[in-house]
Amino acid sequence: MSKTLYITTAIPYVNGVPHVGHALDYLLADVYARFEKAQGIDVRFQAGTDEHGNKIFNKAKNLNIPTEQYVAKNAAIFQDFIEKLNVKPTDFIRTSNPDHCRRVQKIWKKLEKHIYSATYEGWYCSGCERFVTDKEYDENLGICPDHQTTYEKLSEENYYLRISDFKDQIRNAIESDAMKILPEFRKKEILKLLDDSPDVSISRPKKNLSWGIPVPDNDNQVMYVWIDALANYITVLGYPEEDISNYWPAVIQFVGKDILRFHAIIWPAILLALDLPLPKTILSHGHVLVNGQKMSKTIGNVINPLDILNKYGVDPFRYFFLRHIDTFEDSDFTWDRFDDAYNNELANDLGNLVQRLAVLSSKNSISLSQHLIDETKAATIEDQEYVNLMNSCKFSKALDYAWQKIKSLNKEINDRQPWAVAKTDPENAKQILLDLDYKLLEANSLLAPFLPETVSKISNVFGTEIGPGSPLFPKQ
Ligand code: MSP
């Protein structure tokens, strides 16, 4: 049986359209999946949509659309977005799906030993759908920095998950890297947060939240949206009705920095309560900013990913977000940066190189055999520096590394001047071109997880019949 591996992405709320931030989760996971699949590993890759909670319910109500219809429509938009990004999850879960709801209720029953009920009074942000601590309230001067809304005082009868039962185990797992938090500086933040983490409220009175999964055996309580959402990672595999040990624990869970705390504290507590192993890695990516600022409808600086995809196509999109948006740090999107990357790197560095080599090879009757192409694919996986970068999830660095190869090939072709050599020594020119073509195909395989369409176009151009082909990246 082939080796299996499971990776997951955060499931977006469906109260809005996809934005570039959502693309990051998908793209990072997709790169990793393609890299592992190329090594013969059976990769299970989950994506999905988070469909419960008041935000979604209210949006549908304002639009006068039945909630089920509203979430179905938006889930389809997310699925379409994933396809447009050429991201290939194996599973797509919607949290309003009856299988998921039934399984989450069964999970709740299994958690009961660690659940208690109590009345809670505290500050609540309806945007985050969570209570904040008094310390957070004071630090933020009573206003949620993410939603720019004032916290409300809320008093509720709730069920709680006793996080305190698991704090030591969670701390040990994080400290020892048994559950690795990437990057390292986020690991430190989480360890600090863990000490102060209170037990978490995991239900809401039905009168305050109707669009959610009912708590079993209590008609007045509905599950807090985060409990139902986090459970998606295992219900999609069939838990608790099916044996998930082939896939669980996930090798990497991809999430944004704003939701790391849910994944690194509450989620492990749920898993430990269920007696399930913890994920091997939680990778927290940074945020996409615009001119150093958060994207917001109020500021009017929201970048619509479809504008980029429609104008430039999928690979330029993937290229920019995987190379120029750092895997771990916040990074800036600006149209200028995007245009620069497109024209100077994709069109000049790569497009021109392919074009020049294709034309020269064709003129000099070079024929690369399929054997050589296959050999290149196998050989590159031994590029240890690249493999190390990929294995440690430094994806933007791995793409930098592959790009350096493209740049040095451009230099090499200029230095060796095969067109000049051909005039006096055609055999030698052929050797030079074969060598350069071979190196291009090597670099091409390093690009494969990042730019799948481009890479297969390049392979086709340098197939058994070499022809100039059409320009890969026309100047914009
Ligand atoms: N529904 C929850 C996730 C539940 S996972 C069990 C949620 N949804 S979200 O739509 O707000 O965010 C989905 C993902 O997009 C998260 O990983 C989040 O960090 C990411 N991003 C949202 N805005 C972002 C940026 N501006 N930049 C990068 N990613 C950001 O949270």
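A polar contact is a pair of N or O atoms within 3.5 Å; within protein, one atom must be able to donate a hydrogen and the other to accept it, and residues adjacent in sequence count only if both atoms are side-chain atoms. The model shown in these views is predicted: local features need pLDDT of at least 70, side-chain atom pairs count only at pLDDT 80 or more, and totals for chains, interfaces and linings use all residues. Residues are numbered from 1 along each chain as its sequence is written, and side-chain values use heavy atoms, with hydrogens and water left out.

**View 1. The side chain of N158 makes a polar contact with the side chain of S201 (3.3 Å).** N158 belongs to strand 6; strands (E, at least two residues) and helices (H or I, at least four residues) are DSSP runs, numbered from the N terminus. The N158 side chain also reaches the backbone oxygen of S203, at 3.1 Å. With a relative accessibility of 0%, N158 counts as buried, a term for residues under 20% relative accessible area, where exposed means over 50% and partly exposed lies in between (1.4 Å probe, protein chains only). Leaving aside neighbours within four places in sequence, the residues in contact (heavy atoms within 4.5 Å) with N158 include Y116, F131, R204 and Q221.

**View 2. Four strands form an open sheet in the order 5-4-6-8, with antiparallel pairing.** Strand 5 (130-132) and strand 8 (200-201) are the edge strands, each pairing on one side only. Two strands pair if DSSP finds at least two bridges between them. Strand 6 (residues 152-161) and strand 8 run antiparallel and are joined by two bridges. Within this pair, V200 of strand 8 stands opposite L161.

**View 3. Six strands form an open sheet in the order 3-2-1-11-12-7, with parallel pairing.** Strand 3 (91-94) and strand 7 (180-182) each have a single partner strand, so one side of each is left without a neighbour in the sheet. On average, neighbouring strands of this sheet are turned by 20° against each other, direction ignored; axes are lines fitted to C-alpha atoms, for helices over the stretch in contact, and angles run from 0 to 180 degrees between N-to-C directions.

**View 4. Strand 3 pairs with strand 2 (residues 42-49) in the parallel sense over four bridges.** D91 in strand 3 stands opposite Q46, and F92 is the bridge partner of A47. The covered face of strand 3 holds D91 and I93, whereas F92 and R94 are on the uncovered face. In a regular strand the side chains alternate between the two faces of the sheet. Helix 3 (residues 67-84) lies across strand 2 and strand 3, at about 155° to strand 3.

**View 5. The largest nonpolar core has 95 residues.** Such a core is a set of buried Ala, Val, Leu, Ile, Met, Phe, Trp, Tyr and Cys residues joined through side-chain atoms within 4.5 Å. I7, F321, F395, F450 and F462 have the most contacts inside this core. Leaving aside neighbours within four places in sequence, F450 is in contact with residues including V31, L322, M390 and F395. Apart from this core lies another, of 57 residues, among them W108, A231, L237 and I265.

**View 6. The ligand is surrounded by 24 residues.** The closest are I11, D25, D50, D258 and V288. A nitrogen atom of the ligand is 2.7 Å from an N or O atom in the side chain of D50. A polar side-chain atom of H22 lies 3.0 Å from an oxygen atom of the ligand, and a polar backbone atom of Y13 is 3.3 Å from an oxygen atom of the ligand. A residue is near a molecule or strand if one of its heavy atoms lies within 4 Å of it.
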